[in-house]
Amino acid sequence: MTYQKIVNYLGTEASYLLEYTSQTIPKETLHLPSPDFIDKIFVQSNRSPQVLRSLGQLFQSGRLAGTGYLSILPIDQGIEHSAGASFAKNPIYFDPENIVKLAVEGGCNGVATTFGVLGMMSRKYAHKIPFIVKINHNELLTYPNKSEQILFGSVREAWNLGAVAIGATVYFGSDDATREIVEIAKAFEEAHSLGMATILWCYTRNSAFKKEGTDYHVSADLTGQANHLGVTIQADIIKQKLPENNGGYKALNTGASSYGKLDERIYTQLTSDHPIDLCRYQVANCYMGRAGLINSGGASGVADFEDAVKTAVINKRAGGMGLISGRKAFQRPMNEGVALLNAIQDVYLTPEITIA
């Protein structure tokens with residue numbers, strides 16, 4: 001995809017996103033994705049040679065191989081959102097092989113999905129594309145539904161089926177957050193000891209985060225802090241929703257309510273209202289990019305290609321490491337899903353799109 005086609009996808013927002021110069025956190029202070037990212041960042045860390053090899057497999061696979069950027073296909077929605085609701089638009093994805101095929105044909109660095117999917121296809125595909133096992137899920141059959149991530153298998157089981165990494169979700173801010181943090185910190189320690197990399201879905205979850213018509217689950221300040229907690233338990237890569245607003249701490253500190261800690265400079269110096277600056281604050285909370293930030297692609301809609309390209313541009317120009325996009329790709333015919341994944345990757349392969 002040419003630079004001009006990217007401009008066309010962005011439409012009236014093209015100059016707003018592509019010509020913007022950030023005046024918040026200087027790009028020079030960030031650790032940006034690069035072909036030698038593992039050598040520059042993780043070789044200095046406590047990650048073992050086996051973990052470095054696993055990270056190398058991720059970074060050297062797919063169309064973005066050797067760039068330092070990642071394009072990952074995540075399909076755990078069969079549990080997280082129910083299989084029927086997720087796959088009704090395209091029932092071929094009830095079959096685990098088609099999930100892996102989409103990642104392979106889409107040129108992804110890896111496929112992130114469930115124990116069941118990867119276990120069923122392990123011997124056929126584990127040597128063809130990096131496997132990322134999502135080890136916990138929020139099941140939706142308990143009535144009423146609740147926000148609680150539980151393990152669906154063991155770290156050792158993920159290693160046995162050939163995974164190069166495990167992924168997990170923590171619902172930061174939820175009633176269950178303490179257990180999840182402790183449980184996943186232990187799982188990440190075990191994964192690193194076995195030579196696997198770690199990816200954390202750093203999601204905020206609390207009904208109080210929706211206030212006066214604004215959903216602060218996607219505020220830069222709250223998601224940024226969730227990221228900082230994620231890298232604290234040694235996630236190598238952070239998955240986060242793209243920020244849509246800011247001021248979550250302020251909104252929750254009203255009247256007699258006291259919540260968390262804040263500094264006004266979060267809002268006056270470290271961020272602005274521009275989406276690139278909001279995303280950059282998320283990157284900053286990932287140890288200034290030492291742990292890569294991959295933003296999620298979001299739900300499927302009527303303008304998936306435009307939305308995916310926009311999200312990729314914001315992530316890249318903010319200093320992020322890539323996209324992890326699922327529903328936009330698998331809730332359409334496979335050839336269109338491949339084209340959408342390729343469109344995302346083309347943003348990271350286009351040299352004219354630089355760090356803001």
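What volume does the largest pocket have? In this predicted model, it comes to about 710 Å³, a pocket being an open set of points on a 1 Å grid over the protein atoms alone where a 1.4 Å probe fits, with protein on both sides within 12 Å along at least five of seven lines. The volume is the space filled by probe spheres set on the points, which are joined across faces, edges and corners.

Of the 32 residues lining this pocket (an atom within 4 Å of a point), Tyr-203, Lys-241, Ser-296, Gly-298 and Arg-327 sit closest to its centre. Helix 14 (304–318) is among the elements giving two or more residues to the lining, and its four residues are the largest share. Helices here are DSSP runs of H or I with at least four residues, numbered from the N terminus. By class, the lining splits into 11 nonpolar, 11 polar and 10 charged residues.

The second largest pocket has a volume of about 170 Å³. Its lining includes Ile-41, Phe-42, Tyr-287 and Arg-290, and divides into six nonpolar, three polar and two charged residues.

Helix 13 (275–284) also gives two or more residues to the lining of the largest pocket.

Residues are numbered from 1 along each chain as its sequence is written. Local features need pLDDT of at least 70, side-chain atom pairs count only at pLDDT 80 or more, totals for chains, interfaces and linings use all residues, and side-chain values use heavy atoms, leaving out hydrogens and water.

Terms used. Nonpolar A, V, L, I, M, F, W, Y, C, P; charged D, E, K, R; others polar.
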